[in-house]
Amino acid sequence: MNKLPVTVLSGFLGAGKTTLLNHILHNKQGLKVAVIVNDMSEVNIDAQLVENENTLSRTEEKLVEMSNGCICCTLREDLMIEVEKLAKEQRFDYLVIESTGISEPIPVAQTFSFESEDGTIDLSRFSYVDTMVTVVDAFNFLKDFSSPEYLTDRNLTNIENDERTIVNLLTDQVEFANVILLNKTDLVSESQLSILNDIIKKLNPEAKINTTITLDGFIRPTEEVSVSYLLSTSIDSEVDGLGYAGRIFTGKRTNNYYIGYVNNFVSDNYNPDMGFVYQKDVMHHSPGGYAILRPKSLPFIRRWDPGIFANYYHDLKDFGTFQQANIYIFPIYMWFKDNSFFEASFTPIWQNINFNFSPLGIAIAQDRYHYTRYYLRYNTDRSKKLSASVSYDFGDFYNGKRKTVFGNLRYAPTPNIALSTSYEHNNIDGLGLQDESLKTDLYSVNLRLALNSRLQFNSFYQYNSFNDQGRLNLRFSWEYQPLSFIYLVFNDIVEDQFTPRVLDRQFISKITFLKQF
């Protein structure tokens with residue numbers, strides 16, 4: 001049995017652990033990740049935030065909520081049981097544990113070397129601690145670190161006879177980490193950041209410290225031309241030199257055409273740890289454009305926008321090392337006088353697969369691939385009471401073939417009511433090293449009821465035959481003042497592929513408030 005590697009996220013309340021967790025799941029590089037979220041309250045707020053970000057796919061990850069306790073003390077037995085269960089499933093490449101803000105990392109790490117007296121629990125046989133990460137709130141750390149307060153003074157603990165001070169807890173969290181992330185550095189001065197770095201290095205001389213600086217802007221020299229940019233650098237204690245990344249866009253739009261160019265780049269040394277990095281050592285070029293035609297000779301066509309966009313990826317360090325490319329060509333992209341729409345396009349694709357790659361669990365051989373995908377799409381006037389859309393995506397897919405059929409029907413008798421249903425079928429043949437075949441069906445139903453533009457109810461149900469999963473989402477929203485909302489959400493997820501059947505239900509409430517001065 002392969003042992004399950006574990007990363008433990010620690011940090012004081014509000015430091016940004018859940019934000020880091022969401023970024024990890026956004027950039028998991030194809031890994032199947034299990035997540036354990038721990039919170040001291042009866043309702044697991046942190047886990048709800050993770051779910052709300054839509055970063056958890058039930059076919060790839062698993063979320064285990066451990067509430068009303070702390071994994072460093074009262075829930076250690078529960079933690080061991082959950083970790084052992086996840087490790088034995090042998091479905092995950094990694095386990096991430098987000099501990100509560102008052103958790104000490106040492107007892108959590110010790111859990112993985114603990115063996116019960118009767119020998120029934122021994123996590124060292126199934127898992128191991130790979131990384132201990134502590135997120136430091138740069139804005140509040142110096143104030144909290146000099147505070148004489150106990151956790152009980154701020155009502156931060158419900159543990160009986162808890163006599164820990166805030167400074168001792170912060171010290172424990174920093175001293176035991178081997179990766180330390182400085183968050184909210186934009187809210188402190190350079191002198192404060194220097195003092196903070198000195199304190200952390202004294203508490204933990206061996207830890208890795210990471211800091212990022214980002215600049216973004218928008219320029220419009222004329223009404224038709226616009227330029228936007230985002231540049232970011234990272235300073236990492238374990239990397240020699242600065243890392244950098246960015247995005248630059250320039251484009252021109254007139255009544256007759258659009259033309260633009262986008263460039264994205266990420267250096268090999270760029271390491272924000274909490275940033276949106278899908279790949280390192282890469283540069284992406286995307287030039288393209290389209291014409292805007294209103295042909296008088298074809299009176300049934302209101303507008304026709306034929307065009308082409310190219311995407312080319314190569315190593316940033318070695319410009320000559322090709323990664324992948326595609327050309328999206330859409331000769332037919334038109335709106336008719338009855339407001340219906342039709343697209344016919346095709347996309348030649350070139351890919352250099354020189355790494356382990358297994359989409360949908362099907363292993364693809366390392367090789368260079370060239371294939372073409374074709375796409376047809378039509379939809380009726382979506383402003384009508386009854387509207388429909390269909391699409392057909394087909395062609396080669398690496399060394400195999402893939403066909404996708406999609407259909408949607410929408411009925412909206414009034415602006416206050418809308419009911420839609422959709423169906424998607426995927427058929428894959430002769431794919432991968434084993435020439436595997438796969439069929440999946442996805443069914444969805446959505447209902448929207450609105451008393452007015454500010455008071456709405458949405459319900460959504462989806463069934464996926466690939467993993468026998470049914471998902472129900474009910475959401476009530478009220479904009480009680482401009483841009484300020486109250487949300488009530490109910491989630492119900494059922495998976496029949498496991499024994500016993502997995503059932504997950506959640507009720508989430510959220511209030512947002514925005515005030516302009």
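**Note on the predicted model**

1. Confidence. The mean pLDDT of the protein chain is 81, and 81% of its residues reach 70 or more; pLDDT is the predictor's confidence in each residue, from 0 to 100. Over residues 40-49 the pLDDT is below 50, yet this stretch has 31 contacts in the model beyond near neighbours in sequence, a contact being heavy atoms within 4.5 Å. Residues 51-61 also stay under 50 in pLDDT, and the model has 35 contacts for them beyond four places in sequence. Where pLDDT is low, the predicted coordinates should not be read in detail.

2. Basis of the values. This is a predicted model, in which local features need pLDDT of at least 70 and side-chain atom pairs count only at pLDDT 80 or more, while totals for chains, interfaces and linings use all residues. Residues are numbered from 1 along each chain as its sequence is written, and side-chain values use heavy atoms, with hydrogens and water left out.

3. Overall content. The protein chain has 7 helices and 24 strands; these are DSSP runs numbered from the N terminus, with helices as H or I of at least four residues and strands as E of at least two. Of the 517 residues in the protein chain, 45% are buried. Here buried means under 20% relative accessible area, exposed over 50%, and partly exposed in between, with a 1.4 Å probe and protein chains only. Among contacts between residues at least 6 apart in sequence, 54% join residues at least 24 apart.

4. Helix α7 (residues 190-203) has 14 residues and spans 20 Å from its first C-alpha to its last, close to the 20 Å expected at 1.5 Å a residue; the expected span is 1.5 Å times one less than the number of residues. Its buried residues are L193, L196, N197, I199 and I200. They lie on the same side of α7, because they cover an arc of only 165° around the axis, taken from the directions from the helix axis to the C-beta atoms. In helix α6 (residues 166-175) the buried residues are I166, L169, L170, T171, Q173 and V174. These pack against α4 (105-111), β5 (127-137), α5 (141-145), β6 (179-183) and α7.

5. D130. This residue lies in strand β5 and is partly exposed, with a relative accessible area of 36%. The C-alpha atoms of D130 and P5 are separated by 5.5 Å, although the two residues are 125 apart along the chain. Not counting residues up to four places away in sequence, D130 touches P5, V6, T7, Y94 and N178.

6. H314 is found in strand β13 (residues 307-314) and is buried at 4% relative accessibility. Leaving aside neighbours within four places in sequence, H314 is in contact with D281, V282, M283, H285, F319, T321, F322 and Q323. T347, in strand β15 (residues 341-353), is buried with a relative accessible area of 17%. Beyond residues up to four places away in sequence, T347 touches N326, I327, Y328, Y371, T372 and R373.

7. F394 lies in strand β17 (residues 386-397) and is partly exposed, at 26% relative accessible area. Its C-alpha atom is separated by 5.8 Å from that of R373, 21 residues apart along the chain. The contacts of F394, leaving aside neighbours within four places in sequence, are T372, R373, Y374, L376, R402 and K403. R402 also lies over the face of F397, at 4.9 Å from the ring centre. A charge sits over a ring if NZ of Lys or CZ of Arg is within 6 Å of the ring centre and within 35 degrees of the ring normal.

8. Positive phi. N339 has a positive phi of about 70° although it is not a glycine. N339 lies in the loop between β14 (322-336) and β15 and is partly exposed, at 35% relative accessibility. Y398, also a residue other than glycine, has a positive phi near 55°. Its place is in the loop between β17 and β18 (400-414), where Y398 is buried with a relative accessible area of 10%.

9. Aromatic pairs. Rings of Phe, Tyr and Trp (its six-membered ring) pair if their centres lie within 6.5 Å; planes under 30 degrees apart count as stacked, over 60 as edge-to-face and the rest as tilted. By this rule there are 24 aromatic pairs. Ring pairs link Y258, Y290, F309, Y328, F330, Y333, W335 and F341 into a cluster.
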